[in-house]
Amino acid sequence: MKAVLSKEVGGPETLVVENIDEPTPGKGEVLIKVSACAINFPDTLIIRDMYQFKPPRPFAPGGEISGTIEAIGEGVSDFAVGDRVMCGVGNGGLQEKVAVAAERLFKVPDGIDLVKASALLMTYGTTIHGLKDRGDIKEGETVLVLGAAGGVGLSAVELAKAYGCRVVAAVSTEEKGEVARKHGADEVVIYPRAPFDKDTSKQLASDFKAAVGPNGADIVYDIVGGDYSEPALRAIAWEGRFLVIGFPAGIAKMPLNLTLLKSCDIRGVFWGAFTAREPERNQQNIAELFDLWKAGKIDPLVSETYDIEHAHEAIAKLENRGAIGKLVVTMD
């Protein structure tokens with residue numbers, strides 16, 4: 001079977017497509033014929049040895065997949081051959097077949113496309129955990145989303161609207177702003193490209209304040225980090241919650257005096273650890289996501305698909321912050 005392999009430390013250009021042996025499902029595992037593998041920011045890091053986890057080489061990147069069960073290992077009773085499933089795998093998703101522990105699987109309901117299903121788990125799973133479990137989101141609040149046109153960003157726009165909030169989407173281009181509006185954003189702020197000098201940072205803070213309104217943003221959903229974080233923190237509400245999701249623009253250095261002046265919280269959102277520590281709550285969140293999808297309140301945007309031979313191009317585009325919605329590699 002074909003697999004996209006990282007055989008040396010480096011960027012997307014170092015990835016190669018080779019034939020490897022098919023895996024065999026062990027005890028408690030199933031073999032999935034992969035239909036689609038969504039590309040996420042960790043894929044850009046793991047091949048450079050910059051992610052929290054460093055699998056031994058050679059390995060395939062790709063952290064979330066959808067597909068059909070082809071074989072069942074010993075002791076698996078909740079799934080059957082032919083079931084349509086999705087799951088997070090950490091890495092190894094960019095190959096035609098994957099052996100996965102059955103406890104990590106979610107059944108994909110009838111009527112939901114497998115390609116789109118591959119784009120749900122990491123983005124919307126992170127966001128529902130962030131907004132509900134870490135952000136204590138409430139109807140009528142104002143949510144400021146940084147990086148609002150990417151996969152995680154659009155999930156935050158949609159879910160915040162589904163929970164009855166006013167959403168301000170912060171993006172880098174008008175094109176991305178239009179996408180955010182189509183997915184429910186009430187206001188859009190176009191920010192410049194970092195690095196910022198003092199005046200640019202101050203102006204962005206003013207732009208954020210004008211967009212969120214005089215009471216500030218009850219929740220800041222920060223997917224970007226770097227120079228963008230402090231201006232957003234300056235626009236937060238009294239007792240607001242600043243959610244740290246990721247930092248492709250770098251790790252921000254925050255002036256902690258602002259947390260005192262606003263009596264606000266800075267809260268980390270580590271969805272991967274949450275799924276391992278509290279699997280039952282995560283299961284409930286994913287079930288809620290499918291209910292929201294069926295109700296038409298969320299709809300993952302897959303903007304582009306790639307075949308396995310061009311998977312490196314998808315990772316490169318995401319790394320260069322050129323993606324809108326999700327980029328997905330399809331195997332069929």
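User: Which residues of H3 meet which residues of H10?
Analyst: On H3 you've got Leu-121, Tyr-124, Gly-125, Ile-128, His-129, Lys-132 and Asp-133, and they meet Arg-281, Asn-285, Ile-286, Glu-288 and Leu-289 of H10 (contact means heavy atoms within 4.5 Å). Bear in mind that this is a predicted model, where local features need pLDDT of at least 70 and side-chain atom pairs 80 or more, while totals for chains, interfaces and linings use all residues. Residues are numbered from 1 along each chain as its sequence is written, and side-chain values use heavy atoms, without hydrogens and water.

User: Why is H3 called roughly perpendicular to H10?
Analyst: Their axes cross at roughly 110° and come within 10 Å. Angles of 65 to 115 degrees count as roughly perpendicular, under 35 as roughly parallel, over 145 as roughly antiparallel and the rest as oblique. So H3 lands in the roughly perpendicular class with H10.

User: How do you know that the buried residues of H11 sit on the same side?
Analyst: Ala-311, Ala-314, Ile-315 and Leu-318 are buried in H11 (under 20% relative accessible area, 1.4 Å probe, protein chains only). They span an arc of only 95° around the axis, so they share a side of H11. Their cover includes S1, H1, S14 and S15.

Note on methods
Buried < 20%, exposed > 50% of the residue type's maximum accessible area, 1.4 Å probe, protein only. Helix = DSSP H or I, 4+ residues; strand = E, 2+ residues; numbered from the N terminus. Arc of directions from axis to C-beta. Axes fitted to C-alpha atoms, helices over the stretch in contact; angles between N-to-C directions.
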